[in-house]
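Please read the points in order, with the model open alongside.

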Amino acid sequence: MAQIPTDWRSVIYRGIESEEIDYKAAVNWSDLDRCGKAKFVRHCMAMANTKGGYIVVGVGEDKSGRPCIYKGLTDKQSKSFDPTDVGNFVNRFADPEIDFDVERPVVDGKRFAVFVIRRFSNLPHVCGYGCESELQQGTIYIRTAEAASRPAYRASEIHGIIQRALRNQRELLGRMLRGVLYENRQSIEPDARSYFSEQVSNSKKFYLGKTPVEFPAKAALLEIAVAPGKFEQEKFGLSELKQAIDNSTYTLPDAKFIPAQELDESFFTNVALRSFPPNHKRFWQAFQSGLFHYFTLIPKQRNTLMYLDLVKLVAEAVHFFGQYYSELGYDDELLNIKFELEGVENVALNGLPDKVKRKGKKSTGYKCRIPEIKVKLERSVADLVSGPVGHSIRIIKEICERFNLPEGRHHELERVIKEYLGQRGD
């Protein structure tokens, strides 16, 4: 199976605590008393009830309180973080049990312990037992933007958790009714296509006017446009859009689609929430009309594109759009999704899984002979949410067909995508 490695360096060296990451100084798990271990439990429950995230053990703080002393763990300390022992203790307090792993990566010759915590799937995690001042029975802990793991006590916080649980139940129902929902979908209104096309056109002109010179010589341009079936100029408030994106963008250390810092640096225009990093290698806009328009430059290495980069981008995008439009309340409405890849004539795919290359010709032999690739998908939001892996596979295979890559060369693509999306806070 092709492995997609986690970029542990980006997790460990992020250098700031947030909703999704917490740092702890080097410690031996076995030497911690019950209260010390309970602190880890509180952080685990809080992150699982929010966005998921990481607890990195082996990073100390400087005099200003900034986590930047990368000491790492001794062999004895590292071995003490046995996943079974840690998991049994943490889930003794959590109801339902938390879905998390304990990894022990080596970065720059130093070993760390990293708790990889996934967002709750169906029900939020409630503290089942108290432990001195660290844990209170019957409490739902959340993680705040100020990196605090505390009880949820504001109405908006409780409401957000309930909404997430309800959406998870809708997703479960969507899996059961997926075929029915798709067969009975409503068609997209012709006028809506026209209005959305105008917004897409204006957005593309703006971006291409500022595109760096390496396109198309040094990079291919991926454009994604997603539009609902009806057009309403100001259907959503700008803050509402930002909240929906924030709730749909989960922790992923080497995110290819929308890195967390780009959302933090996004800004409002008159009609959209826009992100345009200084390097101009990515650009996206979430319009009040419901349109989402996205560009990213995919680097070419010796006139080749990396297969797994394409897989990551598509899988993240499909997953995000299902969550995002569900957050906006579209549910069963049909989405019109367009993927366009430009600057790919005579460009080859590289970095295919080893087993693929051994079975056939070299990956560099799979070349695209046309200047641009266009793939379209129409699916209801519920259908997209309930089957992101399957839809990702379909889009990836259609794109790769234009590189003359046979369908049988996608070695265990479903498992690769599931493994990659499994790193998210779902």
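**Notes on the model**

1. Of the protein's 426 residues, 54% count as buried. The model is a predicted one. The accessible surface is about 19200 Å², and carbon and sulfur atoms hold 48% of that area.

2. The secondary structure consists of 13 helices and 21 strands. Among contacts with a separation of 6 or more, 75% are between residues 24 or more positions apart.

3. Helix H13 covers residues 413-421, and its buried residues are Leu413, Val416, Ile417, Tyr420 and Leu421. Viewed down the axis of H13, these buried residues fall within an arc of 120 degrees, so they line one face of the helix. The spacing follows a general rule: an α-helix has 3.6 residues a turn, so residues three or four places apart point the same way. What do the buried residues of H13 pack against? Their partners are helix H9 (307-327) and helix H12 (388-401).

4. The side chains of lysine 418 and glutamate 414 meet with N and O 3.0 Å apart. Both residues lie in H13, four residues apart, about one turn of the helix. Lysine 418 is partly exposed, with a relative accessible area of 47%, and glutamate 414 is partly exposed as well, at 41%.

5. A further salt bridge joins arginine 415 to glutamate 412, with an N to O distance of 3.1 Å. Arginine 415 counts as partly exposed at 44% relative accessibility. Glutamate 412 is also partly exposed, at 27%.

6. The whole structure has 20 salt bridges. In general terms, side chains of opposite charge can pair when their charged atoms come close. One of the bridges links glutamate 342 with lysine 204, the closest N and O atoms being 2.8 Å apart. Glutamate 342 is in strand E19 (residues 334-342) and lysine 204 is in helix H6 (residues 190-208), so this pair ties together parts that are 138 residues apart in sequence. Is glutamate 342 buried or exposed? Its relative accessibility is 14%, so glutamate 342 counts as buried.

7. Salt bridges can also be joined into networks. Glu19, Lys51 and Asp246 are linked in one.

8. How many disulfides does the structure hold? The number is zero. A disulfide is a covalent bond between the sulfur atoms of two cysteines. For cysteine 35, the closest cysteine sulfur is that of cysteine 131, 5.5 Å away, which is too far for a bond. The cut-off used for a disulfide is sulfur atoms within 2.5 Å. Cysteine 35 is buried at 14% relative accessibility. Cysteine 368 is buried too, with a relative accessible area of 0%.

9. On the surface, Ile158, Ile162 and Leu166 form a nonpolar patch, and their accessible area together is about 240 Å². Isoleucine 158 belongs to helix H5 (residues 155-183). Its relative accessibility of 31% makes isoleucine 158 partly exposed. The cut-offs matter for this residue: a patch takes residues with over 30% relative accessible area, whereas the word exposed is kept for values over 50%. Isoleucine 158, at 31%, is therefore called partly exposed.

Definitions and conventions: Residues are numbered from 1 along each chain as its sequence is written. This is a predicted model: local features need pLDDT of at least 70, side-chain atom pairs count only at pLDDT 80 or more; totals for chains, interfaces and linings use all residues. Side-chain values use heavy atoms; hydrogens and water are left out. Patches are made of residues with over 30% relative accessible area and no salt bridge: like charges are joined within 9 Å, nonpolar side chains (Val, Leu, Ile, Met, Phe, Trp, Tyr) within 5 Å. Accessible areas come from the Shrake-Rupley method with a 1.4 Å probe; for residues, only the protein chains shown count as cover. A salt bridge is a side-chain nitrogen of Lys or Arg within 4 Å of a carboxyl oxygen of Asp or Glu. Helices (H or I, at least four residues) and strands (E, at least two) are DSSP runs, numbered from the N terminus. Buried means under 20% relative accessible area, exposed over 50%, partly exposed in between (1.4 Å probe, protein chains only). The arc is that of the directions from the helix axis to the C-beta atoms. Contact means heavy atoms within 4.5 Å.
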